[in-house]
Amino acid sequence: MDEDRDRQQNEIHPYLTVIWGTSFDFGKELKLEDKPVLIGRSKEANFRLTDRMVSRRHCIIRPVKAGFYEIDDVGSSNGTYVNEERITGKKLLSSGDKIRVGETIIKFHYKDDYDTFFFQKLYKMAVYDGHTGLLNKSFFMDEMKLQFEIASRQSMPLSFVLFDLDDFKAVNDRFGHPVGDVVLKRVAEILTTSKRSQDIAGRLGGEEFGVILPATDLKGAVALAERVREKVSQAPIKAYHELVRITVSAGISNFPLTASTLNELVNQADQALYQAKRMGKNKVITYLPISGEGR
């Protein structure tokens, strides 16, 4: 009986897995059952994506017989591609096929429960920072590149906020690294609860954090940065038996107002952050092209 249970738990199932896309979609999985699956941005979609290049009702995957599925575009704006070939009618899927909708790539494949557990673990290790649970620097920068490409193509604003904890070395020196890790985690929680659902937060290393704000002007970015700054400075952070007071500084840049390239967007936020530190810390400074310096 135990062998039968183990065999049932390790049955092979068909899955859809996002292997390239926004940070909200990347790694998303769905085990296919004996019913149609609508892929798109609408609330009625069974496999809902946040990619703005995906139509509300983009394509549908239907079971045709046991273990076999076909895909059909349902009038999407940008088309549905299987292995980089645009489909014009119903197409039978084979394990390993890569489906591209908008900027998102979905893999159709078969795997067992052990594969599922293994890849979920790898996904978390590859994408998230172990201390804070935010995106790690590598994946954050990939996401920033993708969001910049989308903003450029759609002529939409994109803001970037760079945060840095003030005098964090003194915290580690006085209380020790375990307390410092708790402080980092708490600041990450403040970032997460302060941002909107579409904003993307990551830890860029040490005590430095970044937030990408799609379709957001400087005013919206300043509002987020000030919200985070105030929350961090309002009350001490409890770490074990210690109460740690900490502040944070922030630099902000914006496409297309201040930056025309991704490198400029990153460097300008860094310059504005440096200016915030020079002006006494616990400040939010925006990079302004008029003077070439943060204000």
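The legends below describe close-up views of a predicted model. Local features need pLDDT of at least 70 and side-chain atom pairs count only at pLDDT 80 or more, whereas totals for chains, interfaces and linings use all residues. Residues are numbered from 1 along each chain as its sequence is written, and side-chain values use heavy atoms, with hydrogens and water left out.

**View 1. Strand 12 (residues 158-165) and its two antiparallel partners.** Strands (E, at least two residues) and helices (H or I, at least four) are DSSP runs, numbered from the N terminus. Two strands pair if DSSP finds at least two bridges between them. Strand 12 is joined by 7 bridges to strand 14 (residues 208-214) and by 8 bridges to strand 17 (residues 248-255). Val 161 has Val 211 of strand 14 as its bridge partner, and Leu 158 stands opposite Phe 255 in strand 17.

**View 2. The aromatic pair of Phe 140 and Phe 160.** Rings of Phe, Tyr and Trp (its six-membered ring) pair if their centres lie within 6.5 Å; planes under 30 degrees apart count as stacked, over 60 as edge-to-face and the rest as tilted. Across the whole structure, 5 aromatic pairs are found. The pair shown is tilted, at 6.3 Å centre to centre and 45° between the planes. Phe 140 belongs to helix 3 (residues 137-154) and Phe 160 to strand 12, so the pair ties together parts 20 residues apart in sequence. Both Phe 140 and Phe 160 are buried. Elsewhere, ring pairs link Tyr 69, Phe 108 and Tyr 110 into a cluster.

**View 3. Met 156 in the loop between helix 3 and strand 12.** Met 156 is partly exposed, with a relative accessible area of 30%. Not counting residues up to four places away in sequence, Met 156 touches Arg 52, Ala 151, Ala 215 and Phe 255 (contact means heavy atoms within 4.5 Å). Met 156 and Asp 217 are separated by 61 residues in sequence and by 9.2 Å from C-alpha to C-alpha.

**View 4. The packing of helix 4 (residues 168-175) against helix 5 (residues 177-194).** The two helices pack at an angle of about 140°, their axes 7 Å apart (axes are lines fitted to C-alpha atoms over the stretch in contact, and angles run from 0 to 180 degrees between N-to-C directions). Helix 4 is therefore oblique to helix 5; angles under 35 degrees count as roughly parallel, over 145 as roughly antiparallel, 65 to 115 as roughly perpendicular and the rest as oblique. Helix 4 contributes Phe 168, Val 171, Asn 172 and Phe 175, and helix 5 contributes His 177, Val 179, Gly 180, Val 183 and Leu 184.

**View 5. Phe 168 and its surroundings.** Phe 168 counts as buried because its relative accessibility is 5%. Beyond neighbours within four places in sequence, Phe 168 is in contact with Gly 180, Val 183, Leu 184, Glu 207 and Ile 246. Phe 168 and Gly 180 lie 12 residues apart in sequence and 7.8 Å apart from C-alpha to C-alpha.

Note on methods
Buried < 20%, exposed > 50% of the residue type's maximum accessible area, 1.4 Å probe, protein only.
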